[in-house]
Amino acid sequence: MATLRKAPLPYDHLAVEQKWQHRWEADGLYRTPDDDPRPKWYALTMFPYPSGDLHIGHWFMYSAPDAYARYMRMRGYNVLFPMGFDSFGLPAENAAIRNQTPPGEWTYANIERMRRQFRSMGTVIDWEREIVTCDPSYYRWNQWLFLKLYEAGLAYRAEAPVNWCPGCQTVLANEQVLNGKCERSGDPVERREMEQWFFRITAYADQLLDFSGLIDWPEPIKLMQTNWIGRSEGVDVSFDISEYGLDVTEISTFTTRIDTVFGVTFLALAPEHPLVSRLATPERRADVEGYADASRRQTEIERLSTEREKTGVFTGAYAVNRLNGERVPILSADYVLLSYGSGAVMGVPAHDERDFEFAAKYGLDVRVVVAPPQWSPRDALDAAYVGREGTQVNSGEFDGLPAREGYEAIADKIEREGWGRRTVSYRMRDWLISRQRYWGAPIPILYCDGCGAVPVPEEELPVLLPEGVHFLPTGESPLKRHDAFVNAPCPACGGAARRETDTMDTFVDSSWYFLRYLSPDYDDAPVRDDHARKWLPVDQYMGGAEHAVMHLLYSRFFTKALRDVGVVELDEPFSRLFNQGMILSGHAKMSKSRGNVIAPDDYVRRFSADVVRLYLMFIGPWEQGGDWSDSGINGVARWVSRLWELCQRDPASLPAQGAADGALMRKTHQTIRRVLADIERFKMNTAISALMELSNELARAYDDGAASQAAWRDAVEKLLLLLAPLAPHLAEELWERTGRPYSVHQQPLPEWDAALAAEEEATLVVQVNGRPHQRPRRHQ
């Protein structure tokens with residue numbers, strides 16, 4: 001039996017981690033050269049908002065990606081793994097109002113704390129490529145890209161409904177509206193039309209539905225984007241209102257079920273539709289206007305809620321269904337939004353669940369025009385029949401046709417008569433980027449009474465956010481009251497002009513940040529052409545699934561738009577995407593309001609950064625997450641202590657030749673196979689479990705003298721190489737202490753031998769009903 005000659009000193013994790021962090025930084029170990037001949041691998045995780053200290057959820061989010069980036073380095077790739085801070089946004093402005101602290105001061109103080117905590121994790125981040133989106137050197141290019149999209153007709157200004165607080169005299173974001181009231185003043189919120197800036201993302205709807213350029217994206221993410229874009233093929237059909245003598249003689253609606261047009265028993269218009277007030281009869285006008293006022297105090301989310309009862313009011317006017325000549329009532333209904341389609345829908349209660357509910361409430365007719373199989377005219381409908389299989393009935397000349405044939409025949413007639421046309425509609429709307437806030441990138445537009453909207457010349461960028469602004473508790477952007485910012489000469493005529501005081505949505509900042517990491521100090525463009533060609537697309541993107549239809553969709557749009565204006569040459573920004581789950585505390589999501597946020601610093605001081613990393617990766621599959629447990633992290637800490645002692649055992653006390661080397665060698669090569677496959681699939685928890693098993697086998701082999709010195713050294717070496725991506729400080733220290741050359745992180749990962757990893761088999765003879773049978777038995 002082997003014995004330990006001299007026990008190692010206890011693991012002083014604080015000294016070890018500081019030692020290697022300083023060494024790695026001094027040596028530039030993790031700087032990523034652009035001219036490295038190795039194949040490139042761009043690994044990127046979604047950058048954080050600098051809200052304060054990193055909490056344990058941040059550590060969970062970044063530990064596995066860091067391990068993955070290290071793993072790819074050891075596979076022989078030139079890995080780019082950068083980090084930055086998504087630092088514009090409303091929280092900094094709210095903090096400024098609350099604490100009378102300038103947003104920049106609050107933000108940069110938070111960034112400095114987060115930098116320190118990131119470094120304490122021992123990450124492989126190349127900090128020389130750091131970006132901060134609130135820095136003028138970054139948002140200059142936000143503004144430059146805006147101008148390129150503006151020149152291409154992809155940025156435009158138009159009226160759009162907003163949440164308006166009459167008390168604060170300002171626009172509110174949806175999250176600032178609570179139960180229909182302003183969170184600051186408590187005043188009832190109204191819906192108003194205001195001029196705002198948009199990006200024309202709808203021009204790329206069909207391209208965004210094409211996922212063929214993606215190598216490996218989760219199907220649920222692609223489905224969410226598909227549903228968000230909401231491509232629908234249908235027919236625009238018009239209803240006649242010429243009897244009212246208006247300059248508008250028809251109302252157009254879009255439907256995907258033109259086969260049900262003979263079942264229309266009402267039209268519903270959005271309360272803010274311009275025709276509502278013009279069509280309202282004198283005796284109905286007061287009710288119609290009162291209903292419109294009430295609707296303006298609701299958000300779109302509230303109006304579209306499936307749990308909310310549908311309401312409406314009769315305008316007193318009618319429209320003629322040209323297919324059958326019937327006059328149908330026109331109602332104003334708040335479940336119809338002006339910003340969706342034409343702001344008008346045709347009501348077909350027999351074949352639409354929402355219309356059926358609405359008709360039942362208001363006593364409107366329900367007429368079946370697509371008969372379900374086995375249906376009889378004597379049968380009453382208990383619910384809308386929304387199926388497409390059936391026969392046209394009550395449909396004039398189209399009676400008796402199968403509904404699918406009826407669809408085409410009715411659409412043909414509508415186009416022939418000039419009453420409408422086949423078309424494609426999208427649920428997705430253009431991206432509204434205007435924010436009536438201070439802490440964001442200024443939109444580079446001036447308004448001149450003579451020249452209109454004039455873009456700021458490129459040589460005058462960036463348009464800087466002014467300092468020394470006064471944050472008054474009015475909810476209004478300080479930019480409007482900053483004369484030195486607002487007043488500027490017109491670039492076209494030299495006359496007096498006013499700057500745009502809206503700032504950009506912070507999703508603009510994060511829609512192209514992956515480009516700036518490639519050339520963070522380049523002054524001639526957002527990214528150098530040669531850097532873009534070398535590094536793009538991102539090979540592996542990592543982050544939360546909650547960003548499926550905003551950040552991820554906007555980044556795909558930005559990439560395609562920038563391709564079309566000549567900035568980049570690629571179609572998709574991220575080849576592969578992997579989503580992490582969530583770390584819980586007490587079976588609940590961590591939040592300050594619940595008081596269950598876990599700060600990592602105390603655990604790092606007590607256990608080590610590597611133990612925290614290992615536990616967060618061991619807690620469960622990264623895509624699922626898990627529940628934080630102090631007992632769980634204690635278990636990982638005990639394993640690390642055993643590793644510290646085990647790997648420093650003296651192999652000299654083992655036999656020079658080991659007849660029983662096969663068991664240890666087999667376990668070693670099986671572990672290599674498992675760990676490499678698991679890290680490749682982000683199964684860090686099972687990779688760590690495999691290393692625990694190997695350490696148990698090592699301890700058994702040493703204690704029993706069941707391994708040779710060479711087999712022991714080989715197994716320890718391979719264990720440390722596999723451990724390096726997961727616990728970088730511990731692996732580096734043990735690598736040095738066992739006499740191996742610096743650095744373990746510059747070594748290749750071990751390879752496994754299929755023959756050595758094969759399970760050993762023996763033949764067992766058993767008797768069944770007195771008859772011998774031979775069966776193989778496997779030994780692991």
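These legends go with a set of close-up views of one predicted model.

In this predicted model, local features need pLDDT of at least 70 and side-chain atom pairs count only at pLDDT 80 or more, while totals for chains, interfaces and linings use all residues. Residues are numbered from 1 along each chain as its sequence is written, and side-chain values use heavy atoms, with hydrogens and water left out.

**View A. A buried salt bridge joins Asp66 and Arg613.**
The structure holds 55 salt bridges, a salt bridge being a side-chain nitrogen of Lys or Arg within 4 Å of a carboxyl oxygen of Asp or Glu. In this one, the closest N and O atoms of Asp66 and Arg613 are 2.8 Å apart. The pair links distant parts of the chain: Asp66 sits in helix α2 (residues 56-74) and Arg613 in helix α19 (residues 609-618), 547 residues apart. Helices (H or I, at least four residues) and strands (E, at least two) are DSSP runs, numbered from the N terminus. Both Asp66 and Arg613 are buried; that label means under 20% relative accessible area, with exposed being over 50% and partly exposed in between (1.4 Å probe, protein chains only).

**View B. Arg231 reaches Asp206 through a salt bridge.**
Here the closest N and O atoms are 3.0 Å apart. Arg231 belongs to strand β10 and Asp206 to helix α6 (residues 205-208), so the pair ties together parts that are 25 residues apart in sequence. Arg231 is partly exposed at 38% relative accessibility, and Asp206 is partly exposed too, at 42%.

**View C. Asp412 pairs up with Arg422.**
This salt bridge brings its closest N and O atoms to 2.8 Å apart. Since Asp412 lies in helix α12 (residues 403-417) and Arg422 in strand β18 (residues 420-426), the pair ties together parts that are 10 residues apart in sequence. Asp412 counts as partly exposed at 36% relative accessibility, as does Arg422 at 29%.

**View E. Three strands make an open sheet.**
The order is β29-β28-β30, and the pairing is mixed. Two strands pair if DSSP finds at least two bridges between them. β29 (588-589) and β30 (625-627) stand at the edges with a single partner strand each, so one side of each has no neighbour in the sheet. β28 (residues 582-585) runs antiparallel to β29, and the two pair over 2 bridges. Look for Leu584, which stands opposite Lys589 in β29.

Cys451 is partly exposed, with a relative accessible area of 35%, whereas Cys490 is buried at 3% relative accessibility.

**View G. Leu246 and its contacts.**
Leu246 is in the loop between β10 (231-240) and β11 (250-255). Leaving aside residues up to four places away in sequence, Leu246 touches Leu275, Arg278 and Leu279, where contact means heavy atoms within 4.5 Å. For a sense of scale, Leu246 and Ala707 are 96 Å apart in space, C-alpha to C-alpha, and 461 residues apart in sequence.
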